[in-house]
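Subject: A structure for you to explore

Hi there,

Here is the structure I promised to pass on to you. Have a look around it first, and then read my notes below.

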Amino acid sequence: KSVKKVKSPKAVKKPIPRRVIKKWNLYVKKLVVAFIIQKMYYVPFLVTLLYTYFAVKKTQLAVEESSPPSNVLNSVVVNLAITEVIYLFGWFYDPLTCDSPSCSLSFSRIILFYVMQDIYFYFIHRYIFHKWLTDFHAVHHQFIIAYAAWYGHPLEHILLNIGSIIIPFWIFPNPAWVLFIIIIQQIYTSVNGHTPNSPHSVHHNYPTKRFGSIYLVDRLLDTF
């Protein structure tokens, strides 16, 4: 006679305890808050997207300039990569922002940031790149086109475009989300500043004028 196999009863899955689910949900919420709101580790990777978006929106190419020169694009790509690496390093090690409970939004520090940035940008721009390192800066002055806003020597890009954000913000810090907004504004201002008839275009047409970022020092020193 054939022996019938007796099926073993299926193991009953125990429900996950509520306290475990609660702890897991709390952990996920903390992770989301830390990643999206507090630390914002994704910000450096948005630099290229923001620059490209603003450049495409603002660039007005003539018919004969349907494609930008490859050396210009190569330089911009290199400077974008440098920017992302520096911002990513800074974001992970958090040397700039103040995210402690005692640190809150400060409008006075935002105002001082822009004043400090203008001072920094003016003197680095005028006395280093228009006096000692003119060959470095001459490359940037070849174009006044939106997509070429960050066209230039990497040293110039680090000292002027990146340094003018990092150093003033290090001196006058704010929460990370404020720095994020400033980065967006700075990328837009940089791209928009390299369009015809923009305030910064005056500097490209008259190299002894408008060395700063918001032109406070230019007005004081009669270079506006």
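Let's begin with the overall picture. The protein chain has 9 helices and 0 strands, so its elements read α-α-α-α-α-α-α-α-α when you start from the N terminus. Please keep in mind that this is a predicted model. Of the 224 residues in the protein chain, 38% are buried. The accessible surface of the chain comes to about 14300 Å², and carbon and sulfur atoms own 67% of that. Among contacts with a separation of 6 or more, 78% are between residues 24 or more positions apart.

**The inside**

Which residues touch the most other members of the largest nonpolar core? They are Tyr51, Val72, Trp150, Ile187 and Val191, in a core of 31 residues. At least two residues of this core come from each of these helices: H2 (43-58), H3 (70-93), H4 (107-127), H6 (154-171) and H7 (176-192). Helix H7 gives the most, with 7 residues. Apart from this core lies another one of 6 residues, including Phe121, Ile124, Phe129 and Leu160.

If you leave out its neighbours within four places in sequence, isoleucine 187 is in contact with Val47, Leu50, Tyr51, Phe54 and Trp150.

Helix H7 has 17 residues and reaches 24 Å from its first C-alpha to its last, close to the 24 Å expected at 1.5 Å a residue. Its buried residues are Ala176, Val178, Leu179, Phe180, Ile182, Ile183, Gln186, Ile187, Ser190 and Val191. As you look at the numbers in that list, here is a handy rule: an α-helix has 3.6 residues a turn, so residues three or four places apart point the same way.

Helix H2 has 16 residues, and the distance from its first C-alpha to its last is 22 Å, close to the 22 Å expected at 1.5 Å a residue. In H2, the buried residues are Val43, Pro44, Val47, Leu50, Tyr51, Phe54 and Ala55.

Is glutamine 186 buried or exposed? Glutamine 186, found in helix H7, has a relative accessible area of 14%, and because that is under 20%, this residue counts as buried. Not counting residues up to four places away in sequence, glutamine 186 touches Tyr114, Gln117 and Ile165. Take isoleucine 165 from that list: glutamine 186 and isoleucine 165 are 21 residues apart in sequence and 8.3 Å apart in space, C-alpha to C-alpha.

Threonine 83 sits in helix H3. Its relative accessibility is 1%, which is why threonine 83 counts as buried. Leaving aside neighbours within four places in sequence, threonine 83 is in contact with Val47, Trp150, His157 and Ile162.

**The outside**

Helix H4 and helix H9 (216-220) each supply at least two residues of the patch, and H4 gives the most, with 5 residues.

**Two backbone angles to check**

Most residues other than glycine have a negative phi. Asparagine 197 has a positive phi of about 70° although it is not a glycine. Where is asparagine 197? Asparagine 197 lies in the loop between H7 and H8, and its relative accessible area of 78% makes it exposed.

Aspartate 222, also a residue other than glycine, has a positive phi near 60°. Look for aspartate 222 in the segment after H9. Its relative accessible area is 66%, and because that is over 50%, aspartate 222 is exposed.

Enjoy exploring, and send me any questions you have!

Best wishes

How values were computed: Residues are numbered from 1 along each chain as its sequence is written. This is a predicted model: local features need pLDDT of at least 70, side-chain atom pairs count only at pLDDT 80 or more; totals for chains, interfaces and linings use all residues. Side-chain values use heavy atoms; hydrogens and water are left out. A nonpolar core is a set of buried Ala, Val, Leu, Ile, Met, Phe, Trp, Tyr and Cys residues joined through side-chain atoms within 4.5 Å. Buried means under 20% relative accessible area, exposed over 50%, partly exposed in between (1.4 Å probe, protein chains only). Helices (H or I, at least four residues) and strands (E, at least two) are DSSP runs, numbered from the N terminus. Contact means heavy atoms within 4.5 Å. Accessible areas come from the Shrake-Rupley method with a 1.4 Å probe; for residues, only the protein chains shown count as cover. The expected span of a helix is 1.5 Å times one less than its number of residues.
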